[in-house]
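Trainee: I would like to go through how the parts of this chain meet. Could we take it step by step?

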Amino acid sequence: MISGKKVVLGITGGIAAYKSVEVVRRLVEGGAHVAPIMTSGAKRFIGEVTLSALASEPVKSSLWDEDDPIPHTTLGQEADVILVAPATARLIGTYAAGISNDLLTATLLASRAPVILCPAMHTEMWEHPAVQENIRTLQNRGVTIVAPEDGKLAGGDEGKGRLASPSAIVSAVEQALTLDDLAEFKILITAGGTREQIDPVRFITNKSTGKQGYALAEAAVARGATVTLVTTVDREAPIGVEIQHAESASDLRSAVMSCADNYDVIIMAAAVADFQPSLPADRKLKKSQQITNLEIEPTHDFLIDLGKGKSSNQIIVGFAAETEELEKNAKEKLERKNLDLIVANDVTAPGTGFAYDTNEVLLITGQGKTNVPLASKRVVADKILDAVLGLRESKV
Ligand code: CTP
């Protein structure tokens, strides 16, 4: 996928700069031509010689390169993709503002190639409204952001801000280079946990945050699919994704069933509640009204309806969040619900399932199973989509 492609790799001045060495190694091993640009800040964290030795050409840093009078336009025009890892808050702000004050920012502005930024910084900086606004501005311009991960930070503290893993970064580069392998697909994805009203202020829900569903939508649209996301989560849609909001299992069911026939693929990542209060109150219940005797009834499992009613080319994907007998329970659901693929995860495993940025899943089809080891939800999303693509090829 990346073989023979030119990757311009920008490295900026953050402690995570040392991790860019591993990214270079993997890209070069994959056959890419890596042209590194280091900012002056990056050189305080990592040796230029190391990068020059591992990359496909020596590091460039200056706009005043003696061999090439206009190095930024050469790099910008020749790049198949520009990757910045790590990307500091300064680089993100400068690029968002359209300022070119060094070779890297000039190259970014002098290029039409897809751009991938991999931010890395302390949690406080990452969450600062100015940084978040710059990120949104860049996403709106089509820049791919490989989100930082949660974990230990340079100061010994913990939080969001660690550079994404080399595998997530390389996977984003691969995606940027194969932008359209899902171009013929219309995909409907559901995300988040449903809320079943008890009264106007209380509800039954579950731990789902919708991250895997959003990652799927983001990955699918980046690969050229037409994507609709039906979500229970109050979060902006990834750029290019049509979004619909739903709250309860019944809302979600109406939204999905009313348009299911229009999609080639339906991915039910939402954690749909299995039970709902039988008689939701229209006024807030008082403690004295014996709320402990709440009557509940099962919700309608509409994944079964989707499996029954699917057309011959349609692919229906279900999820199974399990706490025991993962493979056995998931296989049973695959068959009972007449699915093409089930994505099973053991939600008791570390870093897996609800609310994490990472996931480990078992993909099961009628033909066999594949384990996807612990990785970012975006990487897992691409593996799920690869499996969907494989199923489609076997159907046509
Ligand atoms: N699902 C659905 N409608 C429901 C409940 C679940 O469409 N009312 C879908 C989910 O979106 C998910 C899949 O079914 O893709 C698996 O849901 P899960 O609750 O794990 O499966 P169940 O069949 O309810 O099995 P159990 O609760 O016994 O584990």
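Trainee: Into which domains is the chain divided, and how far apart do their C-alpha centres lie?

Mentor: In this predicted model, the chain is divided into domain 1, residues 6–176, and domain 2, residues 186–395.

Trainee: How much area do domain 1 and domain 2 bury between them?

Mentor: The contact itself takes ten residues from domain 1 and eight residues from domain 2. Of the area that the two domains bury between them, 45% lies on carbon and sulfur atoms, and the total is about 790 Å².

Trainee: Which side chains meet in a salt bridge between the domains?

Mentor: Across the interface, three residue pairs are found in polar contact, with both residues at pLDDT 80 or more. The count of salt bridges between domain 1 and domain 2 is one. With an N to O distance of 2.9 Å, which falls within the 4 Å cut-off, the side chains that meet are those of Asp357 and Lys160.

Trainee: Which element gives the most to the side of domain 1 that touches domain 2?

Mentor: The residues on that side of domain 1 divide into one nonpolar, five polar and four charged. At least two residues each are supplied by α8 (129–140), β6 (149–152) and α9 (166–177). With four residues, the element that gives the most is α9.

Note on methods
Residues are numbered from 1 along each chain as its sequence is written. This is a predicted model: local features need pLDDT of at least 70, side-chain atom pairs count only at pLDDT 80 or more; totals for chains, interfaces and linings use all residues. Side-chain values use heavy atoms; hydrogens and water are left out. Domain bounds come from an automatic or database domain assignment. Contact means heavy atoms within 4.5 Å. Buried area is the accessible area (1.4 Å probe) that two parts lose on being put together, summed over both. A polar contact is a pair of N or O atoms within 3.5 Å; within protein, one must be able to donate a hydrogen and the other to accept it, and residues adjacent in sequence count only if both atoms are side-chain atoms. Ala, Val, Leu, Ile, Met, Phe, Trp, Tyr, Cys and Pro count as nonpolar, Asp, Glu, Lys and Arg as charged, and the others, Gly among them, as polar.
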